[in-house]
Amino acid sequence: MRVSFWSALSAGAIASLFAFSAAADSIRIGLVSEITGPNAEAGAYTINGAKLAVEEINKKGGILGKQVELVVEDNQSTNPGTVLAFSKLGGNKDIPAIIGPIRSTQVQAASPTIKKAGVPVMIGGTDPSLTHVDNPWVFRCRPNDTYSSRVIADYGVKNLKLKKWAIVHSTDAFGAGGQKALTDALKNLGIEPVLIQGYTNNSQDFTPVVLAIKKSGADVIGTYITNSQDVGIFAKQLRQLGVSATWIGSPSIVTDTAMKLAGDALHGTYGIADFNPDANPAAKAYAAAYRAKYNLDPDIYSSWAFDAMNVIAQAINSGKSEKSDDIRKAILGLKNWKGVEGDYNFDSNGDGLRGYNIVKNDGGKVKFVEHINFDK
Amino acid sequence: MDALANNFQVLFQGLALGSIYALVALGFVLIIRATNVVNFAQGDFAMLGAYMMVAFLINVGLPYWLSFILALVGMGVFGLVFNYGVYYPLRHRGFLPVIISTLGASIFLQNTVLAIFGAQPKRLDNVIAGGVQIGAVFLDSQYLVILAVTMVMVAFQYFFFEHTMLGKKLQATSQDKDMARLLGIPVALMIAITFVYSSALGGLAGVLVGPVLFVSIGMGSIIALKAFAATIIGGFGDVKGAIVGGLFIGVVESFAAFYISVPYKDAYAFLMLFLVLIFRPQGFFGERVSEKA
């Protein structure tokens with residue numbers, strides 16, 4: 001009995017050795033995402049997006065003839081969890097590139113670890129400073145908040161002709177960065193906001209914020225709200241307390257979750273979205289594939305990860321190398337690479353995109369209004 | 001007039017959220033009194049109750065009142081399971097193993113619910129749609145329901161513990177287990193009943209606050225943190241204290257957020273906690289430790 005146990009064990013060990021050597025013939029790409037914790041929902045969508053890209057790449061024969069394997073590491077929706085996940089993936093020599101988180105604060109926390117690992121990391125966090133901290137390994141697959149704020153300010157001031165601005169922002173890295181950028185963008189258009197109001201994530205009550213907006217007499221509200229749930233609570237209370245000002249929000253305002261939770265409180269609001277299924281042909285194809293596979297509407301948490309995976313694949317293909325250094329050079333060499341979020345041209349900082357879509361919540365449906373792009 | 005309206009609005013929100021803290025704090029206190037341990041899964045009782053409501057109301061499609069009753073009964077049954085699964089096996093091991101056991105239960109509950117319901121928060125509708133508009137002040141109907149139910153629960157609690165035999169037996173158990181046992185009170189059963197009641201109470205808080213904060217995995221943790229502060233501010237293990245402490249924190253944080261600063265809203269509850277611990281360590285209603293001994 002005992003003998004057979006040991007022989008079974010050693011047979012298993014040999015089998016796993018073979019499995020390992022088979023795996024060595026694939027290209028392993030890391031993904032640090034939120035599987036547990038309060039943001040697990042968004043994390044699941046990010047994984048969906050990356051997985052869809054991997055599936056399509058493998059169907060077409062993989063990269064350099066090798067199949068792609070996604071190695072997903074949970075960051076528990078926390079900064080320490082993110083650092084831990086990056087040390088784990090970054091220390092693995094089999095993983096030449098990693099797709100990082102969408103939360104700016106997590107990227108900020110993990111930045112030194114990423115630099116030490118020396119592996120290209122595609123991020124979704126939109127705080128402008130993330131690519132300006134002398135870290136050559138961070139590449140952004142979404143337009144940063146300098147552009148989002150310029151688009152918000154441009155659209156509100158020039159198209160809608162609104163001049164009395166209130167800014168509501170989360171106090172985390174994303175919200176504080178967005179607030180600063182929006183204030184600057186408005187200043188460039190000659191406007192001083194009448195109110196700048198911060199709040200902390202997972203606020204249960206936005207009454208003080210809404211009352212402050214009411215008092216300020218603002219006719220347009222620009223928001224940088226991180227969590228979809230906070231968008232929902234804020235929207236409900238804003239309309240309940242009778243504030244009817246125009247609202248142009250950061251991407252969380254058009255997430256599926258925010259729109260489901262807030263319902264008609266969000267009708268008529270504008271949002272900016274780096275991803276919209278109607279914005280370009282690549283986006284249309286992606287949206288169709290995503291719906292077919294997951295029976296869900298694609299949103300911003302999934303689309304950038306789809307692009308990130310494809311940018312890595314493209315870079316490995318064009319550089320004909322799966323070494324981290326070569327991948328980095330190849331990413332910087334991409335010219336007008338057409339992704340679902342727009343045309344990618346990575347600058348020396350690692351920013352790939354410079355434009356946003358303006359969308360409108362039209363009775364619960366997100367309608368594409370226009371794409372605003374900047375050259376610089 | 002405007003300032004008056006604003007103050008009233010802020011007070012109303014504060015009292016309503018404070019009521020939720022109070023209900024969860026009450027659950028904390030009852031378990032502390034019965035077992036001498038803090039149940040760190042108390043906030044997750046609220047979360048679980050809200051998800052049960054979602055399951056019955058939205059997934060099964062039962063009417064609101066029936067879903068409400070089933071959610072509370074479900075939470076009562078869960079309290080019994082919790083008692084025998086988490087507390088009972090460790091009851092002779094001192095307080096630390098039990099606390100760790102409740103922490104484990106909390107993580108287990110959050111991830112079980114995550115696995116079953118997925119990560120997307122759920123929307124629950126108000127019991128009564130709309131609200132009351134008085135001038136510039138808007139009273140959300142759900143907040144009114146929360147305030148009313150909390151008052152009823154406080155009255156019920158008083159009547160139950162002071163005027164029924166079962167309530168008196170529960171009190172005796174919490175005061176002195178050995179003496180209670182000598183008097184023929186089935187102590188283990190009394191503790192089980194306490195868990196059933198606390199669990200239903202936590203579930204009630206969750207069902208009530210679901211339409212306001214939306215139903216999400218993390219909803220319990222945020223409430224529990226404030227409720228725990230309320231428990232200490234009110235006087236550790238004091239029933240009156242839990243209710244007053246909860247309302248106090250709700251109102252203070254609401255006004256401080258309005259008048260001082262919104263981003264520091266969560267800090268005020270703990271600032272109050274520090275102040276109370278420095279100047280009145282036994283809490284509003286707590287006995288001095290020396291007197292207790």
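This is a predicted model: local features need pLDDT of at least 70, side-chain atom pairs count only at pLDDT 80 or more; totals for chains, interfaces and linings use all residues.
Chains A and B touch, with 26 residues of chain A in contact with 27 residues of chain B. Chain A also has an open sheet of five strands with parallel pairing, and helices H2(A) and H11(A) pack on that sheet.

**Where the chains meet**

- The contact between the chains takes in 26 residues from chain A and 27 from chain B.
- On the chain A side, the elements that give two or more residues are helix H2 (40-59), strand E7 (195-199), helix H7 (207-216), helix H8 (228-240) and helix H9 (256-262).
- Sorted by class, that side of chain A has 10 nonpolar, 13 polar and three charged residues.

**The five-stranded sheet of chain A**

- Reading across the sheet, the strand order is E2-E1-E3-E4-E5, and the pairing is parallel.
- Strand E2 (68-74) and strand E5 (138-140) sit at the edges, each pairing on one side only.
- On average, neighbouring strands are turned by 30° against each other, if you ignore direction.
- Inside the sheet, strand E1 (residues 27-33) and strand E3 (residues 97-99) of chain A pair in the parallel sense over three bridges.
- If you want a spot to look at in that pair, Ile29(A) stands opposite Ala97(A) in E3(A).
- H2(A) packs on this sheet and touches E1, E2 and E3 of chain A, and its direction makes about 170° with that of E2(A).
- Helix H11 (residues 300-319) of chain A packs on the sheet too, touching E1, E2, E3 and strand E4 (121-123), with its direction at about 165° to that of E3(A).

**A β-α-β unit in chain A**

- E6(A), helix H6 (residues 173-188) of chain A and E7(A) make a right-handed β-α-β unit.
- The two strands of the unit, E6 (residues 165-170) and E7 of chain A, pair in the parallel sense over five bridges.
- Within this pairing, His169(A) stands opposite Gly198(A) in E7(A).
- E7(A) is also among the elements that give two or more residues to the side touching chain B.

**Helix H9 of chain B**

- This helix covers residues 219-234, which makes 16 residues.
- From its first C-alpha to its last, H9(B) reaches 23 Å, close to the 22 Å expected at 1.5 Å a residue.
- Because 13 of its 16 residues are buried, H9(B) is largely enclosed by the rest of the structure.

- Val83(A) lies in helix H3 (residues 79-90) of chain A.
- Is Val83(A) buried or partly exposed? Val83(A) has 19 C-beta neighbours inside 10 Å, so it counts as partly exposed, as buried would take 20 or more.
- Leaving aside neighbours within four places in sequence, Val83(A) is in contact with Ala109(A), Ala110(A) and Thr113(A).
- Val83(A) and Val32(A) are 51 residues apart in sequence but 9.7 Å apart in space, C-alpha to C-alpha.
- Asp256(A) is found in helix H9 of chain A, one of the helices that give two or more residues to the side touching chain B.
- With 18 C-beta neighbours inside 10 Å, Asp256(A) counts as partly exposed.
- Which residues is Asp256(A) in contact with, leaving aside its neighbours within four places in sequence? They are Asp297(A) and Asp299(A).
- Asp256(A) and Pro143(A) are 113 residues apart in sequence and 20 Å apart in space, C-alpha to C-alpha.

Terms used: Residues are numbered from 1 along each chain as its sequence is written. Chains are lettered from A and ligands numbered from 1 in the order in which they are written. Two residues are in contact if their C-beta atoms, placed from the backbone, lie within 7 Å. Helices (H or I, at least four residues) and strands (E, at least two) are DSSP runs, numbered from the N terminus. Ala, Val, Leu, Ile, Met, Phe, Trp, Tyr, Cys and Pro count as nonpolar, Asp, Glu, Lys and Arg as charged, and the others, Gly among them, as polar. Two strands pair if DSSP finds at least two bridges between them. A crossover is right-handed if, with the strands pointing away from the viewer, the path from the first strand over the helix to the second runs clockwise. The expected span of a helix is 1.5 Å times one less than its number of residues. A residue is buried if 20 or more other C-beta atoms lie within 10 Å of its own, exposed if 12 or fewer, and partly exposed in between; C-beta atoms are placed from the backbone. Axes are lines fitted to C-alpha atoms, for helices over the stretch in contact, and angles run from 0 to 180 degrees between N-to-C directions.
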